[in-house]
Amino acid sequence: MSIPYALDFTEDPEEWIPVPILEGRGADRQRRKWAKRSAELRWALEDEGPRDKAQVKELARLLEGFSEQFPQKIPMHYMFLYAPDLRRDLVPFFFYAARSEGPVEQVLDALVQRNEPGAAQDPHIEDFTTDNLGRGLRSIRHFVPKGGEALGMSVNYGWRVESYGIDLSMRTVSDDLGWVSANIDAFDAFARSLKVVHPNDIVVD
């Protein structure tokens, strides 16, 4: 995309792990190094810590897999993993932006999949305008995947970010309906803290 943008937050999202999207020469080595360090840092947030090194290695393996596999399957510019409980599956959220084009109502409807075929019922759609991002929607959508039998669920956010001239989407897909449904408030809080900035404005600790 020709418009440079980056994601930042008004509050530190401690329960969320930013996942690098790496490609090219040296990507595998960078990915392994990132996954190992991120697993150590995430386990350090737990009061009791890991039982043994095997738990840290297992989390590192999972993180490396997310970083390697998902960007090959799903168009995205950024990915974050919701990881409040390391005993549960991690919930990936994917971000993608395109240059703003067309009526905002139609664009937001598309971003939250209002009329996407395959829904088990009409998606539940709410206004999700935020101070940081501007006008937006959020949908909760239930569907049966092609070739599948189990019900799936997606949570989809979309905004028109006027200050950057982009339409931004944030979404996840899961078959763990109960866990995802129970954490909608946490997803909403994360989304409300999100802001778009120029890449040069990101401060790396």
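In which strand is Ile 140 found? Ile 140 is found in strand 6, which covers residues 136-143, where helices (H or I, at least four residues) and strands (E, at least two) are DSSP runs numbered from the N terminus. The structure is a predicted model, in which local features need pLDDT of at least 70 and side-chain atom pairs count only at pLDDT 80 or more, while totals for chains, interfaces and linings use all residues. Residues are numbered from 1 along each chain as its sequence is written, and side-chain values use heavy atoms, with hydrogens and water left out.

The secondary structure of the chain consists of five helices and nine strands, which follow one another along the sequence in the pattern β-β-α-α-β-β-α-β-β-β-β-α-α-β. The radius of gyration, taken over C-alpha atoms, is 17 Å, close to the 17 Å that the globule rule gives for 205 residues, so the chain is as compact as a globular protein of that length; the rule itself is 2.2 Å times the number of residues to the power 0.38. Along the principal axes, the C-alpha atoms fill a box of roughly 50 × 45 × 35 Å.

Of the 205 residues in the chain, 42% are buried, a term that means under 20% relative accessible area, with exposed meaning over 50% and partly exposed lying in between (1.4 Å probe, protein chains only). The accessible surface, computed by the Shrake-Rupley method with a 1.4 Å probe, comes to about 12,100 Å², of which 47% belongs to carbon and sulfur atoms. When contacts (heavy atoms within 4.5 Å) between residues at least 6 apart in sequence are considered, 64% join residues at least 24 apart.

In soluble globular proteins, nonpolar side chains tend to be buried together. A nonpolar core is here a set of buried Ala, Val, Leu, Ile, Met, Phe, Trp, Tyr and Cys residues joined through side-chain atoms within 4.5 Å. The largest such core has 29 residues, and those with the most contacts inside it are Phe 95, Tyr 157, Trp 159, Leu 168 and Phe 187. Among the elements that give two or more residues to this core are strand 4 (91-99), strand 8 (166-174) and helix 5 (184-193), whereas its largest share, five residues, comes from strand 7. A second, separate core of 18 residues includes Ala 35, Leu 59, Leu 63 and Leu 90.

Leaving aside residues up to four places away in sequence, Ile 140 touches Pro 123, His 124, Met 153, Ser 154 and Ile 184.

Thr 130, found in the loop between strand 5 (124-127) and strand 6, is buried, with a relative accessible area of 8%, and touches Trp 159 and Arg 192 when residues up to four places away in sequence are not counted. Gln 113 is found in the loop between helix 3 (104-111) and strand 5; Gln 113 counts as buried at 17% relative accessibility and has a positive phi of about 60° although it is not a glycine. Glu 23, by contrast, counts as exposed at 74% relative accessibility and is placed in the loop between strand 2 (16-19) and helix 1 (27-44). The C-alpha atoms of Glu 23 and Glu 68 are separated by 8.8 Å, although the two residues are 45 residues apart along the chain.
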